[in-house]
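Let's take a walk through this model together, one selection at a time. Keep your viewer open and follow along.

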Amino acid sequence: MKKLFSTLLLALIAVMAYAQSPVSWSFKLVDDNTANPKIEMTASINPGFHLYAVENPAGGSNPLEFYFDVKGAQLVGKPVANKAYTKEFDDTFEVDQYFYSNSVTFTQKLKATAPEFTVSVEIKGQACDDQGCHQIFGSKKLTGKSPVKEEAKEEKTEETTTDTVASATALTDSIAVALPAPVATGGQDGWWKNVEEELRTLANEPDESSTSIFYIFIAGFIGGLIALVTPCVWPMIPMTVSFFLKQNKSKSKSVRTAIIYGVSIIVIYVALGLVVTSIFGASALNDLSTSALFNIIFFLLLVLFAVSFLGGFELTLPASWTNKMDSKVDSTTGLLSVFFMAFTLVLVSFSCTGPIIGTLLVEAAATSNFLSPAIGMFGFSLALALPFTVFAIFPTMLKSMPKSGGWLNSVKVVLGFLELALALKFLSVADLAYGWRILDREVFVSLWIVIFALLGVYLLGKIQFPHDSKLEKVGVGRFSLAMISLAFAVYMVPGLWGAPLKAISAFAPPAHTQDFSLFEGDVHAQVSDYEEGMKLAQQLGKPVLVDFSGHGCVNCRKLEAAVWTDTEVKSSIDNDFVLITLMVDEKAELPEPIVVTEKDGTERTLRTVGDKWSYLQRSKFGANAQPFHVILDNNGNPLAPAMDYDNGQDVANYQKFLKNGLEKYKATK
């Protein structure tokens with residue numbers, strides 16, 4: 001039920017986000033009943049968004065455009081802004097960008113030529129924020145009066161003027177109004193029919209959530225197995241089981257006590273997961289996991305854990321906590337005593353299990369599922385509790401357990417190397433968010449090569465840390481791990497020259513951050529016209545991948561560089577789909593303007609090819625953000641939930657998006 005509720009809530013939030021624009025327009029007629037009235041057009045810009053100036057240079061984002069249809073008056077000059085624009089260099093386009101923030105008012109002067117006049121205003125542009133680009137629109141019909149006598153109308157020629165002002169793109173968020181579908185030009189009507197409901201239905205399918213929950217459980221279980229072979233936990237197994245066997249004369253009672261002990265461990269860790277979720281909430285945890293500040297903090301925390309694992313210092317909880325738990329064990333009897341014993345294990349083992357638990361909780365938070373932290377903790381605690389119960393049931397197995405020794409410290413050191421490598425992932429997120437460019441892809445790959453090469457050298461006994469015992473010989477298992485680590489380091493070397501490195505694509509920064517690359521794996525659209533692409537897909541018997549993009553869309557370029565360059569993604573797009581890229585800011589003129597009616601009853605005129613594709617995106621899919629990718633069958637029906645910038649940055653997620661769409665297409669055939 002919670003899962004269904006959270007899915008519906010996410011869908012509602014998405015619909016609300018599409019239904020409102022971060023740039024809203026208001027229109028006002030000033031100096032009415034005078035010979036020189038004015039129109040004030042005010043753009044209210046939500047925080048975090050930019051509205052690009054009319055004068056924005058070529059090569060940058062698309063400029064704002066004004067269209068006027070005037071009767072009974074004449075335009076005097078062009079719209080003038082009430083404040084200066086901000087000038088800032090854009091690394092992506094390598095040009096200066098001019099934009100406004102918060103609000104700006106444009107004033108258009110008029111000269112009345114008749115006692116009554118009308119002015120129809122239409123404004124269009126493109127809006128982008130850090131998450132994507134969107135089309136924005138504003139329109140209004142104003143009427144006014146002037147003291148000009150009727151005779152003046154005969155002396156002057158009444159003009160209908162359309163004044164197109166040089167463009168400027170507005171970097172803002174989405175306004176996605178579901179518009180009535182027009183008749184498909186040169187194609188089938190079904191290609192343009194509205195499919196918002198179908199997309200929402202596909203988005204509510206439970207398969208991905210179930211996969212995420214299963215993944216979190218497996219990750220937790222593996223984390224628990226790793227925690228078992230740390231110096232904090234491994235020696236506790238024979239000690240605790242021996243205590244159960246000596247305390248209870250009957251084997252059945254010993255087994256029962258061990259089971260209660262294991263269940264207590266599970267209850268404690270699952271409760272921890274539920275507490276974390278209840279305090280922060282699943283959505284807040286996800287926000288934290290994507291927050292630049294949180295990623296910096298977590299990077300520092302993992303480095304701290306790594307230094308501790310490598311022997312720099314011992315990280316322990318206050319002794320008073322464990323002493324208090326010990327006293328509780330002594331002062332209580334029965335089941336409660338066993339529970340406090342389990343609690344003592346949790347506290348004593350913190351220095352080894354803390355980093356594993358912390359990493360697991362962040363991983364669980366990223367799924368945005370309310371139960372993920374608890375599921376992760378269940379998997380972790382199950383693996384941790386299992387040996388205590390198994391050895392209590394089969395005590396003779398204790399004799400076959402490897403004895404504690406230097407190998408346990410080696411496990412901690414290996415974990416220290418892994419924590420250090422993982423810490424760079426979180427620093428990379430913050431680096432990308434703030435645009436520091438201190439951890440570009442080649443720097444990240446270089447550091448990983450060094451870390452895993454040093455790990456291999458350590459496993460061969462060539463490096464020693466403070467708590468290591470002298471290594472007399474290298475066993476087969478240790479040698480095999482060293483080979484794997486060194487081979488992994490060698491595998492990453494081509495990444496210094498731009499190789500995709502699919503195995504670490506989920507960790508490494510995107511390819512566009514690489515300064516030098518010999519890799520040529522760009523994806524190019526087969527068609528740039530919707531109807532022509534649909535016809536081609538019918539002929540070839542392939543599904544369609546529609547890519548709503550823009551010349552001025554920064555995040556479109558980011559997604560293409562980070563995801564489409566993956567060899568598996570590129571191969572699938574090139575071979576399994578007909579890729580149609582539709583530029584919603586394309587300035588090529590349509591053969592003739594098309595007048596469409598908005599859902600609210602207002603009319604808009606589609607003048608350019610970009611206008612047409614922008615209208616297609618809104619009218620068919622109820623969306624207005626770019627990048628926006630959707631897979632269609634040959635009748636124009638969606639085969640998978642749409643992919644936007646937020647969900648499309650992960651290569652594995654995009655691969656799954658393509659695979660699901662292709663499988664559904666084959667099933668319909």
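A search of the whole structure turns up nine salt bridges, each being a side-chain nitrogen of Lys or Arg within 4 Å of a carboxyl oxygen of Asp or Glu. Before you click on them, note that this is a predicted model, in which local features need pLDDT of at least 70 and side-chain atom pairs count only at pLDDT 80 or more, while totals for chains, interfaces and linings use all residues. Residues are numbered from 1 along each chain as its sequence is written, and side-chain values use heavy atoms, with hydrogens and water left out.

Stop 1: Select lysine 124 and aspartate 611, which form a salt bridge with their closest N and O atoms 2.5 Å apart. Lysine 124 sits in strand β9 (residues 116–128) and aspartate 611 in helix α19 (residues 609–621), so this pair ties together parts that are 487 residues apart in sequence. Helices (H or I, at least four residues) and strands (E, at least two) are DSSP runs, numbered from the N terminus. Are lysine 124 and aspartate 611 buried or exposed? Both are buried, where buried means under 20% relative accessible area, exposed over 50%, and partly exposed in between (1.4 Å probe, protein chains only).

Stop 2: Now move to helix α18 (residues 567–576), which holds both lysine 570 and aspartate 574, four residues apart, about one turn of the helix. Their side chains meet in a salt bridge of 3.0 Å, N to O. Lysine 570 is partly exposed at 22% relative accessible area, and aspartate 574 is partly exposed at 31%.

Glutamate 197 counts as partly exposed at 48% relative accessibility, as does arginine 200 at 31%.

**Stop 3: a four-stranded sheet.** Display the open sheet with the order β13-β12-β17-β18 and mixed pairing. Its edge strands are β13 (578–583) and β18 (643–644), each pairing on one side only; two strands pair if DSSP finds at least two bridges between them. Strand β12 (residues 544–549) runs parallel to β13, and six bridges join the two. Which residue in β13 is the bridge partner of phenylalanine 548? Pick leucine 582. Then bring in helix α21 (residues 651–668), which packs on the sheet and touches β12, β17 (628–632) and β18, a contact being heavy atoms within 4.5 Å.

**Stop 4: a nonpolar patch.** Turn to Phe214, Ile218, Ile222 and Ile226, which make a nonpolar surface patch of about 340 Å². Isoleucine 222 belongs to helix α4 (residues 207–228) and is partly exposed, at 45% relative accessible area.

**Last stop: the whole protein.** Zoom out to 21 helices and 18 strands. Of the 669 residues, 48% count as buried. Among contacts with a separation of 6 or more, 76% come from residues 24 or more positions apart.

Technical notes:
Patch = residues over 30% accessible without salt bridge, like charges linked within 9 Å, V, L, I, M, F, W, Y side chains within 5 Å. Areas by Shrake-Rupley, 256 points an atom, 1.4 Å probe, with all protein chains shown as cover. Axes fitted to C-alpha atoms, helices over the stretch in contact; angles between N-to-C directions.
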